Amino acid sequence: MSTDIKIKKGLNIKLKGVANQEISTANRSKIFAIDPSNFHGIQPKLSVKEGDKVKVGDTVFYAKNNEKMKFVSPVSGEIKEIVRGAKRKILSIKIIADQKDSYVDFGVKTPSKLAGPQIKESLLESGCWPMIKQRPYDVVANPADAPKAIFISAYATAPLTASHKVVLEGKEKEFQTGIDALVKLTEGKVHLSVGASDTFLDHVTGVVLHKVSGKHPAGNVGVQIAQVDPINSGDRVWVVNPQDVASIGSMFLKGKYDPTRIIALAGSQVEGPQYYSVIQGAQISDLVAGKLKSGKSRMISGNPLTGSAVGPKDSLGFYDDTISVIPEGDHHEFFGWMPFIGNHKFSMSRTFFSWLSPNKEYDLDTNLNGEERAFVITGEMERVFPMDIYPMQLLKATMIQDIEKMENLGIYEVAPEDFALIDFISTSKIEAQAIIREGLDLMIKEVG
């Protein structure tokens with residue numbers, strides 16, 4: 001039995017370069033990296049030094065405020081370099097990979113036969129714990145907390161993002177085992193959101209199933225939480241990506257940390273966009289080599305709305321299942337502001353005639369088409385924001401750091417990704433996601 005979630009507000013952005021549903025194995029990188037910045041709010045404490053040998057699953061660093069929260073190596077090899085920034089901040093740990101991986105053995109276990117504390121200990125010891133994130137604040141979950149529910153969104157609506165149907169193909173047993181483990185971590189329910197198509201996800205046991213439909217951001221887990229079980233002050237809800245659920249299940253079935261991921265290499269600047277099997281932390285240059293078109297490109301770890309710009313020497317983000325490559329917007333378009341000219345521009349407000357072609361795919365670049373300016377009350381934010389929150393008022397309260405207003409306006413219910421469409425459509429050109437991230441960090445500091 002499933003319940004329906006129908007989202008009416010939002011915006012679908014159809015971009016050229018959607019990945020073909022064909023999976024190939026990517027060339028193995030020589031260098032892999034673990035970037036502490038992927039784990040927001042974690043202050044890393046190193047367990048290794050340059051020259052050390054590691055196996056898959058060996059601890060590379062742990063959280064300074066909780067030594068049990070471990071972050072492990074995705075490959076076996078040698079610690080090549082510990083990259084530091086200002087004040088010796090750890091930016092990245094780079095590993096020279098062996099030709100063949102060797103693994104730490106964590107022991108095969110059956111989650112259904114274990115108690116909650118034993119499940120939690122296994123996840124912490126194996127390095128799988130960082131796969132579980134927490135709302136509010138959008139940070140790695142605190143293992144000391146007791147969540148009122150766990151949410152998994154297997155409905156992807158962001159442009160170019162990987163299809164969960166493709167990335168989970170052949171992982172039915174691992175996914176179900178991961179669910180069997182997660183149900184032991186909460187006294188509440190585990191919620192699984194899926195699209196309309198029939199897949200094995202419709203038959204997963206131990207979950208409350210939700211059929212989701214609607215425009216982006218219908219696939220955002222925060223939108224689904226708001227519809228099913230909204231977050232109030234003091235509540236804790238945990239969220240897990242579908243591929244990470246399968247990785248957790250694989251760890252219990254095989255006794256080994258599973259760093260493999262299926263990612264979509266997509267975008268209009270990609271020759272033959274498709275899916276690839278890769279290992280966490282793979283170097284971007286190895287993933288895109290020989291696959292890009294000529295011209296200046298912006299490479300993004302993640303989807304174009306919420307991902308991070310990366311260079312060839314950077315690595316795939318820990319939580320990302322997409323590498324997007326789109327044209328760089330470093331050019332000036334003469335009279336580009338003039339309305340009704342051209343059918344190649346996307347517009348939510350019907351400024352251009354492209355609205356007459358609702359199924360048209362666009363080759364959009366990174367050009368902002370304007371500069372930052374004052375907020376104007378137009379109602380445009382509310383048109384793409386489906387949560388029961390006033391987005392402009394929350395952004396203003398966050399900018400002036402008014403904690404009481406932020407709480408009253410719903411800061412606990414949101415994450416930066418929920419404001420991605422506002423970044424895209426706002427005529428004020430503000431960085432809404434960055435503002436919300438700073439606001440959440442303030443709440444962690446002041447409220448905890």
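The model is predicted: local features need pLDDT of at least 70, side-chain atom pairs count only at pLDDT 80 or more, and totals for chains, interfaces and linings use all residues. Residues are numbered from 1 along each chain as its sequence is written, and side-chain values use heavy atoms, without hydrogens and water.

**Helix α5**
- Helices are DSSP runs of H or I with at least four residues, and strands are runs of E with at least two, numbered from the N terminus.
- Helix α5 (residues 242-254) spans 18 Å from its first C-alpha to its last, close to the expected 18 Å, a span defined as 1.5 Å times one less than the number of residues.
- Of the 13 residues in α5, 11 are buried, including P242, D244 and F252.
- G255 follows α5 and has a positive phi, near 75°.

**Residue S76**
- S76 is located in the loop between β7 (66-72) and β8 (77-84).
- S76 counts as buried because its relative accessibility is 0%.
- Beyond its neighbours within four places in sequence, S76 is in contact (heavy atoms within 4.5 Å) with residues including V54, I96, K100 and S102.

**Open sheet**
- An open sheet of 6 strands has the order β2-β17-β16-β20-β18-β19, with mixed pairing, where pairing requires at least two DSSP bridges between two strands.
- Its edge strands, β2 (20-25) and β19 (308-310), each pair on one side only.
- Strand β18 (residues 297-301) pairs with β19 in the antiparallel sense over 3 bridges, and I300 has A309 in β19 as its bridge partner.

Key:
Buried < 20%, exposed > 50% of the residue type's maximum accessible area, 1.4 Å probe, protein only.
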